[in-house]
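This report describes a structure made of protein chains. Please examine the sequence and the model shown below before reading on.

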Amino acid sequence: MGEPEKVPQQERRELNKLYREGTITRKQLMSRMKKGLFDHERLAMKEKFNQFMNRFK
Amino acid sequence: MFEDIMKLVEKLLISGGWFSEFLRFLIAGVLLASCIIYLVRLWKGQVDWLGRSTEDPLQLTGLQPAMESLERQVEQLQQEKAQLEEKLQEMQRLVTEKDGMIEELTQLYEELDENYEDETHTMVQVMYTAEEVASALASEENFYLNRDDIFTNLLDYLVNTIRGYREKNPRVAIHIEHPEKKDRLIHFAHSSGHSHRVREYEPLIDGSAAGRAWRTGEIYYVPDIEDEQYEYDRKVASKKYYRSILCVPLKAGNDISTRIGVLSVTGKTVGAYEKIEIERITLFASLLYPLVYLDIKKREVSMHG
């Protein structure tokens with residue numbers, strides 16, 4: 001497994017600034033800061049749950 | 001015998017007299033009575049116009065068992081129908097109940113997922129904070145060139161983990177021991193969003209929320225600065241800007257002798273911070289400790305030689 005893909009420092013500062021100014025929402029900040037980091041298990045679980053719920057539709 | 005009777009009747013009819021008259025009246029009366037009876041029965045519907053009975057006792061008697069059987073079947077079918085309707089209603093109630101449970105389950109999952117997402121977001125902020133603290137420690141020259149920016153950015157990572165940023169408008173400041181005034185703390189660093197006056201404020205060690213956290217070495221949360229039961233410097237209170245404040249001592253573990261400052265976070269709303277946020281802020285206080293410690297030690301060296 002290689003090094004996780006991180007957001008460069010300068011881009012992070014820019015995102016912090018955009019969030020403070022209200023240009024981006026918290027959801028957008030989360031998504032752009034994370035880029036999937038620490039999130040793959042959550043997303044996999046979400047996919048499982050959605051598949052499970054589709055059985056009831 | 002019959003022939004004798006007929007001969008007698010014949011004699012009586014031929015001879016004329018009372019018997020002949022009597023016989024005519026008798027026949028006329030019988031005919032009239034028969035007509036009346038016929039008409040009455042016809043009117044009552046007991047016979048048709050040809051005089052035939054409308055009720056056939058023989059036929060009715062033959063159909064009676066079949067009719068009774070059919071009636072029993074109808075009754076049974078009605079009972080089964082009622083049972084099925086009851087079952088249907090029960091099934092409909094169960095379906096409605098299940099739908100409600102699925103809806104509730106979905107809501108619970110969404111809430112759980114939101115919290116999970118929030119936790120992973122916090123992990124990312126922690127990771128970047130740790131990374132930047134490590135970079136600052138590894139490259140002191142760069143750190144001192146960009147000290148204020150670095151601290152602002154680090155404290156912004158902390159702010160990013162706080163929910164409801166727009167409502168709470170959280171602002172973070174770090175105060176450390178005052179080098180000259182024994183009764184006060186002094187500004188060390190702050191997050192973005194503060195005015196320049198944040199540098200001027202020197203919290204009292206005895207009589208402010210930050211001072212309380214410093215003295216006790218324990219987290220001090222004031223959910224409402226207007227509530228007089230809490231220790232807070234009301235001379236500088238500005239409910240226009242914030243109503244709650246959380247102060248976390250910067251220390252290594254639980255050893256109060258290692259304290260070097262206090263990290264304070266204000267919130268615009270009353271009771272702005274939940275337990276999870278207080279825990280996150282405490283985590284960030286630990287994360288920032290090495291860098292604040294290094295900076296303070298450097299200052300002491302430069303002041304005292």
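## Chain B: burial and overall form

In this predicted model, buried residues, meaning those under 20% relative accessible area with a 1.4 Å probe and protein chains only, make up 34% of the 305 residues in chain B. The C-alpha atoms of chain B fill a box of roughly 180 × 40 × 30 Å along the principal axes. The radius of gyration of chain B, taken over C-alpha atoms, is 55 Å, while a compact globule of 305 residues would have a value near 19 Å; the globule rule is 2.2 Å times the number of residues to the power 0.38.

Chain B contains 8 helices and 5 strands, assigned as DSSP runs (helices are H or I with at least four residues, strands are E with at least two, numbered from the N terminus). Their order from the N terminus is α-α-α-α-α-α-β-β-α-β-β-β-α. Among contacts (heavy atoms within 4.5 Å) in chain B with a separation of 6 or more, 56% join residues 24 or more positions apart.

## The interface of chains A and B

The size of an interface is often given as the accessible area lost when the parts come together. Chain A and chain B bury about 2,800 Å² between them, with 55% of it on carbon and sulfur atoms; this area is found with a 1.4 Å probe and summed over both parts. Of the area that chain A buries against chain B, A:Arg20, A:Phe38 and A:Arg42 supply 25%, more than any other three residues. In total, 27 residues of chain A are in contact with 30 residues of chain B.

Between the two chains there are 10 salt bridges, each a side-chain nitrogen of Lys or Arg within 4 Å of a carboxyl oxygen of Asp or Glu. One of them joins the side chains of A:Lys27 and B:Glu117, at 2.6 Å from N to O. Helices H1 (9-21), H2 (26-34) and H3 (40-54) of chain A each supply at least two residues of the side that touches chain B. The largest share of that side, 7 residues, comes from H3(A).

A:Arg20 lies in helix H1 of chain A and is buried, with a relative accessible area of 15%. Leaving aside residues up to four places away in sequence, A:Arg20 touches B:Asp156, B:Val159, B:Asn160, B:Tyr165, B:Arg166 and B:Ser192.

## Conventions

Residues are numbered from 1 along each chain as its sequence is written, chains are lettered from A and ligands numbered from 1 in the order in which they are written. Local features need pLDDT of at least 70, side-chain atom pairs count only at pLDDT 80 or more, and totals for chains, interfaces and linings use all residues, while side-chain values use heavy atoms, with hydrogens and water left out.

Notes:
Buried area = accessible area lost by both parts, 1.4 Å probe. Buried < 20%, exposed > 50% of the residue type's maximum accessible area, 1.4 Å probe, protein only.
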